Structure formats: C-alpha cells, structure tokens
Amino acid sequence: QTVHDVRVEPGSRLAELLGTETAAVNSFHHQAVDRLGHHLRSVAWSPDGVIEAIEDPTREFLIGVQWHAETLVHMPEEAALFEMLVETASAHRDRSKESRAA
C-alpha cells in the first residue's frame with residue numbers, strides 16, 4: 001500500500017514514465033541520498049524534502065527510486081518503470097547481438 005506522495009520534477013524521465021508530477025509511494029526507508037554522484041540528479045521528493053528518486057540524463061536508462069515499486073506493479077504508473085527497464089534491456093541485447101554478428 002502507498003504511504004505518502006512524492007513530488008516529481010516536471011520534464012524528468014521519471015515524470016514522463018509515470019505520466020504525472022505526483023505519485024503515491026510506499027517508501028519504508030531509514031536511509032536516504034545525501035550527495036549525488038556524477039551526472040545524477042534528484043527528480044522526486046517526499047513532503048519533508050527527502051530525495052525519493054534520482055536519474056542520470058546522460059544514460060539511456062538510469063532511474064533509481066527509493067520506494068518499493070515492485071510491490072506496486074498493479075498500478076500502471078509503477079508498472080511503466082519495469083516495462084521501460086525491460087524494453088531498454090531488450091534493445092541493448094539486440095544491439096549487442098547485431099554487433100557480434102557483424
């Protein structure tokens with residue numbers, strides 16, 4: 001079940017995937033992001049300002065969420081995260097096969 005809302009950065013890849021700029025999530029964390037690595041940017045926050053999602057816009061697909069999306073796949077917006085992951089991995093696999101065959 002969801003426990004709180006997060007605000008999602010407009011125009012972020014996460015906002016595009018979720019199809020919204022707010023999402024009900026189920027984070028149960030006792031730790032949170034403090035400093036972001038190279039190229040990473042925060043793209044979602046809980047009401048108390050905790051970073052709930054990050055992404056790297058320089059990569060084909062790199063999104064990290066602090067909540068347990070795997071338990072919310074019955075919600076279309078959460079399922080979209082996994083659909084994009086599978087789609088991106090499949091395309092990468094296909095490109096790898098093509099380059100090995102060449």
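**Reading a predicted chain by its cut-offs**

Biologist: What makes the meeting of the Arg93 and Asp94 side chains a salt bridge?

Modeller: The N to O distance between Arg93 and Asp94 is 3.3 Å. A salt bridge needs a side-chain nitrogen of Lys or Arg within 4 Å of a carboxyl oxygen of Asp or Glu. The pair therefore meets the definition.

Biologist: What kind of model is this?

Modeller: This is a predicted model, where local features need pLDDT of at least 70, side-chain atom pairs count only at pLDDT 80 or more, and totals for chains, interfaces and linings use all residues. Residues are numbered from 1 along each chain as its sequence is written, and side-chain values use heavy atoms, with hydrogens and water left out.

Biologist: How do you know what confidence the chain has?

Modeller: From pLDDT, the predictor's confidence in each residue, from 0 to 100. The chain averages 91, and 100% of the residues score at least 70. Helix 2 has the lowest confidence, with a mean of 88, and strand 3 the highest, at 97.

Biologist: Which secondary structure does the chain have?

Modeller: Two helices and five strands. They follow the pattern β-α-β-β-β-β-α along the sequence. Helices (H or I, at least four residues) and strands (E, at least two) are DSSP runs, numbered from the N terminus.

Biologist: Why are Arg93 and Asp94 called partly exposed?

Modeller: Buried means under 20% relative accessible area, exposed over 50%, and partly exposed in between (1.4 Å probe, protein chains only). Arg93 has 43%, so Arg93 is partly exposed. Asp94 has 33%, so Asp94 is partly exposed too.

Biologist: How many salt bridges does a search of the whole structure find?

Modeller: Three. One of them joins Arg41 and Glu55, with the closest N and O atoms 3.1 Å apart. This pair links distant parts of the chain, with Arg41 in strand 3 and Glu55 in strand 4, 14 residues apart.

Biologist: Are Arg41 and Glu55 buried or partly exposed?

Modeller: Arg41 has a relative accessibility of 32%, so Arg41 counts as partly exposed. Glu55 has 3%, so Glu55 counts as buried.

Biologist: What makes the Arg95 and Glu60 pair a salt bridge?

Modeller: The N to O distance is 2.8 Å. Arg95 lies in helix 2 and Glu60 in the loop between strand 4 and strand 5 (63–65), so the pair ties together parts that are 35 residues apart in sequence. Arg95, at 38% relative accessible area, is partly exposed. Glu60, at 43%, is also partly exposed.

Biologist: Which residues does Thr88 contact, leaving aside its neighbours within four places in sequence?

Modeller: Glu60 and Phe61. Contact means heavy atoms within 4.5 Å. Thr88 has its place in helix 2.

Biologist: Why is Thr88 called buried?

Modeller: Its relative accessibility is 13%, so Thr88 counts as buried. A polar atom of the Thr88 side chain lies 2.8 Å from the backbone oxygen of Met84.

Biologist: What makes the link between the Ser46 and Asp48 side chains a polar contact?

Modeller: The distance is 2.3 Å. A polar contact is a pair of N or O atoms within 3.5 Å; within protein, one must be able to donate a hydrogen and the other to accept it, and residues adjacent in sequence count only if both atoms are side-chain atoms. The pair therefore qualifies.

Biologist: Where is Ser46 found, and is Ser46 buried or exposed?

Modeller: Ser46 is in the loop between strand 3 and strand 4 (51–55). Its relative accessible area is 8%, so Ser46 is buried. Not counting residues up to four places away in sequence, Ser46 touches His4, Asp5, Val6 and Glu52.

Biologist: Which residues form a nonpolar patch on the surface?

Modeller: Val73, Phe82 and Leu85, with about 240 Å² of accessible area together. Patches are made of residues with over 30% relative accessible area and no salt bridge: like charges are joined within 9 Å, nonpolar side chains (Val, Leu, Ile, Met, Phe, Trp, Tyr) within 5 Å. Phe82 has 33% relative accessibility and so counts as partly exposed. Phe82 lies in helix 2 (residues 76–101).

Biologist: What is the phi of His39?

Modeller: Near 75 degrees, a positive value in a residue other than glycine. His39 is found in the loop between strand 2 (22–25) and strand 3 (41–45). At 41% relative accessibility, His39 counts as partly exposed.

Technical notes
Accessible areas come from the Shrake-Rupley method with a 1.4 Å probe; for residues, only the protein chains shown count as cover.
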